[in-house]
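Please work through each task before reading its solution.

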Amino acid sequence: FFSILVASLAVDLPAFMTHALVSSGIPSAVAAKVAQLPPTAALFAAFLGYNPMRSLIPGNVLSHLSTANRANLLSTGFFPHAIAPAFVAGLHNAFYLAVGLSAAAAVFSFLRGPRYIHELDGQRRSEDDEEES
């Protein structure tokens, strides 16, 4: 499931991250470049409470932002909120896969037929052998 989550993040994260950065006043070209961070790095940074924006956004871009936008971008809440929509989409994909696999397992279990007990089969064989003797 973690692989499904990471694969989904790889697809969705750049668009959501770019939108969040542009909404905070980062120029689109810079936002598109910053948004290309690896999905596993983004995921673990968010889990650990680390905001990588200070090291990813060039200093000259940060210095041209308003104080409020800069404080928002560098806050501990910005990064988890920026990747949240992509993370939720990844969780949905993982859960949809789980539902599909569970449904397939239920169908295959139903198609398996009646219950087969190995011990009874062994007893029948020994009884059949006794009758033949």
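**Exercise 1. Determine the handedness with which α3 passes α7, and describe their packing**.

Step 1. The crossing of α3 past α7 is left-handed; the term applies if the near helix is turned anticlockwise from the far one by less than a right angle, whereas clockwise gives right-handed. Helices (H or I, at least four residues) and strands (E, at least two) are DSSP runs, numbered from the N terminus.

Step 2. The axes of α3 and helix α7 (residues 78–111) cross at roughly 130° and come within 10 Å. Axes are lines fitted to C-alpha atoms, for helices over the stretch in contact, and angles run from 0 to 180 degrees between N-to-C directions.

Step 3. Angles under 35 degrees count as roughly parallel, over 145 as roughly antiparallel, 65 to 115 as roughly perpendicular and the rest as oblique. α3 and α7 are therefore oblique to each other.

Step 4. On the α3 side, Ala42, Leu43, Ala45, Ala46 and Phe47 meet Phe79, Ile83 and Phe87 of α7, where contact means heavy atoms within 4.5 Å. The residues of this contact comprise 8 nonpolar, no polar and no charged. Ala, Val, Leu, Ile, Met, Phe, Trp, Tyr, Cys and Pro count as nonpolar, Asp, Glu, Lys and Arg as charged, and the others, Gly among them, as polar.

The model is predicted: local features need pLDDT of at least 70, side-chain atom pairs count only at pLDDT 80 or more, and totals for chains, interfaces and linings use all residues. Residues are numbered from 1 along each chain as its sequence is written, and side-chain values use heavy atoms, with hydrogens and water left out.

**Exercise 2. State how α1 and α3 are oriented to each other, and which residues make their contact**.

Step 1. Helix α1 (residues 2–23) packs against helix α3 (residues 39–48) at about 105°, and their axes are 9 Å apart. The two helices are therefore roughly perpendicular to each other.

Step 2. From α1, the contact draws on Phe2, Leu5, Val6, Leu9, Ala10 and Leu13; from α3, on Pro39, Thr40, Ala42, Leu43 and Phe44. These residues divide into 10 nonpolar, 1 polar and no charged.

**Exercise 3. Describe the packing of α1 and α7**.

Step 1. The angle between α1 and α7 is about 150°, with the axes 8 Å apart. α1 and α7 are therefore roughly antiparallel to each other, and their crossing is right-handed.

Step 2. The residues of the contact of α1 with α7 are 19 nonpolar, 3 polar and 1 charged.

**Exercise 4. Is Ala89 buried, partly exposed or exposed, and which residues does Ala89 touch**?

Step 1. Ala89 lies in helix α7. Its relative accessibility is 22%, so Ala89 counts as partly exposed; buried means under 20% relative accessible area, exposed over 50%, partly exposed in between (1.4 Å probe, protein chains only).

Step 2. Leaving aside residues up to four places away in sequence, Ala89 touches Ser8 and Asp12. Ala89 and Asp12 are 77 residues apart in sequence, yet 7.9 Å apart in space, C-alpha to C-alpha.

**Exercise 5. Give the number of helices and strands in the chain, and the share of its residues that count as buried**.

Step 1. The chain has 8 helices and 0 strands.

Step 2. Of its 133 residues, 28% count as buried.
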